[in-house]
Amino acid sequence: AVALGSPTANATCLALAGSSPNAASNQLALPISTRAPSRSTPPARSPARSPRGTFRRDATSHPPPSPRQFGGSQGDSTVESPNTAAAKKTAYARIQMINALHRMRKRQGRMERLLRIRRREFDAKPEEEKEALRQAFRKGDALGTGILNSKSLRSAFELCGIDARTDVEKRELKILCDEVTVVDTDFFLFVFDAVPRARQLLKRLRRHPLQQDFAFYDKDKSGTLDNEECVAILNKMYTWNLDSVGLERMTAEFSKLIGKCEVAGAGYVDFDGFEFLVTEANEKYNMIVQDREQAIRSQHGVTDAVAEQHWDELCFLWQTFQREASFDRALGEPRADPDAVARILDDFFCFSHEVGGQHFQEVFEETDEQGTGTVSFVGFLTFVHKLREVVRIMSKDFLRTLFNKFDRDHSGFLDINEVTALVSEMGLLPQCREDQWILRRLLSQVDKDNTGDVDFEEFQIFVQRIGERIKAVRSCRERRGAGGA
């Protein structure tokens, strides 16, 4: 018999296993509990429990585990060494970083697939619509960052024909812009998220007024609109502030829209079609007006300051000036003499008879800087602005008395109801639905700080413009109905 653990037994095991001494030494270095028990050895009994629930070692129980099993030191078998804890922490951090990179790659893959889909959808849009969206985003992104903030997003909406008319629409559209721009609003987010949401918002807010408009234009109360009733919408809502070029474009676009919104093969438009027609026509009209204003400004050198003085009427003023002026070959541009300017004022503006001949002549001489007895289009715009200032000065006391009369709370502001009552007392209350639309639009434009209230200066401009606008629109409509320009 050979005693276990003796040199003779070790040599015998090596010879039987065919192992090297190093391998055998490694095998024997493991704790006894990790080696397979011998068949001749009886199974170990479980250790007895002490009364307190702890294990009590006896002669048959296994020896305590080696500190090497748990990574501890020889002195403390339950505490990890600093090197082992640091290694585990480093390994955990590396696993976390790998997982984060994996998630980021998956997100990037999804974004790239979405971007490819968006590109295909954008390429499928009509060429005119794509160019309009590009121009709106480019002009809205004045700093060239490729990202729109809330303010520049509202500007981009206006440039692509999405305009808020009422205080409620302005407020809701501002909230929408703030929500959209919480994340970086790039071009595709503008096209496929911001623009559709803005259109849907205005459609919801305008649905009830549109129902009233539909009932107004449905003369025969059939619940549908025929082609003649649709053309009446064009003439009454989408011809103001258009010159001959813009009017031709708008007429062509409106005809296309009627073809899209008609009930298939029926030749009439129901309310859903009317809602589509008005929404799309409003955007087309706004974009055409902006294009024509830009072309007129470039052609005649109208500065931003002068254009700002004539918001929502620049194309209209150019059309009337072009009709009455004569082309000066020496200067290479159309110019108007005092008689031509007077004809324009008599035909369209309310203040021509309120201002005496002396004021008229003085303002005309101020704008005739070259002393030719004529004015260019830019000079005509300056003349109109200065003449309006003369009228405001002359009527200031009268308007101040009226303003204070209706400013019952002495706040220095009038709300919409007080303005409506004041306009009614002055005899400027709209007589038809088109006049009501003009009043709402003017009031929205005059309130430039978007407070919903009108101060005295804004009220002066509003009273002056509402009388001019109603007369100008009626004169334009009568002239076009008679076949004039």
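Trainee: Is Leu345 buried or exposed, and what is its relative accessible area?
Mentor: The structure is a predicted model, in which local features need pLDDT of at least 70, side-chain atom pairs count only at pLDDT 80 or more, and totals for chains, interfaces and linings use all residues. Residues are numbered from 1 along each chain as its sequence is written, and side-chain values use heavy atoms, with hydrogens and water left out. A residue is called buried under 20% relative accessible area, exposed over 50% and partly exposed in between, with a 1.4 Å probe and protein chains only. Leu345 is therefore buried, since its relative accessible area is 1%.

Trainee: In which helix does Leu345 have its place?
Mentor: Helices here are DSSP runs of H or I with at least four residues, strands are runs of E with at least two, and both are numbered from the N terminus. Leu345 lies within residues 338-348, and these form helix α14.

Trainee: How are α14 and α16 oriented to each other?
Mentor: Axes are lines fitted to C-alpha atoms, for helices over the stretch in contact, and angles between N-to-C directions run from 0 to 180 degrees. For α14 and α16 (residues 377-394) the packing angle is about 55°, with the axes 12 Å apart. Angles under 35 degrees count as roughly parallel, over 145 as roughly antiparallel, 65 to 115 as roughly perpendicular and the rest as oblique. The two helices α14 and α16 are therefore oblique.

Trainee: Which residues of α14 and which of α16 make the contact?
Mentor: Contact means that heavy atoms lie within 4.5 Å. The residues that meet this limit divide into six nonpolar, no polar and no charged, where nonpolar covers Ala, Val, Leu, Ile, Met, Phe, Trp, Tyr, Cys and Pro, charged covers Asp, Glu, Lys and Arg, and polar covers the others, Gly among them. On the α14 side they are Val341, Ile344 and Leu345, and on the α16 side they are Phe380, Phe383 and Leu387.

Trainee: With which residues is Phe321 in contact, leaving aside its neighbours within four places in sequence?
Mentor: Phe321 sits in helix α13 (residues 314-324), and it counts as buried because its relative accessibility is 0%. Beyond the excluded neighbours, Phe321 touches Pro334, Arg335, Ala336, Ile344, Val375, Ser376, Phe377 and Phe380.

Trainee: Is the crossing of α3 and α7 left-handed or right-handed?
Mentor: Helix α3 (residues 82-123) packs on helix α7 (residues 187-205) at an angle of about 65°, with the axes 11 Å apart, which means that α3 is roughly perpendicular to α7. A crossing is left-handed if the near helix is turned anticlockwise from the far one by less than a right angle, and right-handed if clockwise. By that rule, the crossing of α3 and α7 is left-handed.

Trainee: What is phi of Asn241?
Mentor: Most residues other than glycine have a negative phi. Asn241 lies in the loop between α9 and α10 (244-261) and counts as buried because its relative accessibility is 2%. Asn241 has a positive value despite not being glycine, and its phi is near 60°.

Trainee: What is phi of Lys221?
Mentor: Lys221 is placed in the loop between α8 (207-217) and α9 (227-237), and it is exposed because its relative accessible area is 62%. Lys221 too is a residue other than glycine with a positive value, and its phi is near 55°.

Trainee: What separates the C-alpha atoms of Asn149 and Asp184?
Mentor: Asn149 is in the loop between α4 and α5 (150-159), and it counts as partly exposed because its relative accessibility is 47%. Along the chain Asn149 and Asp184 are 35 residues apart, while their C-alpha atoms are separated by 8.0 Å.

Trainee: What share of the residues in the protein is buried?
Mentor: The protein has 20 helices and four strands. Among the 485 residues of the protein, the buried share is 37%.
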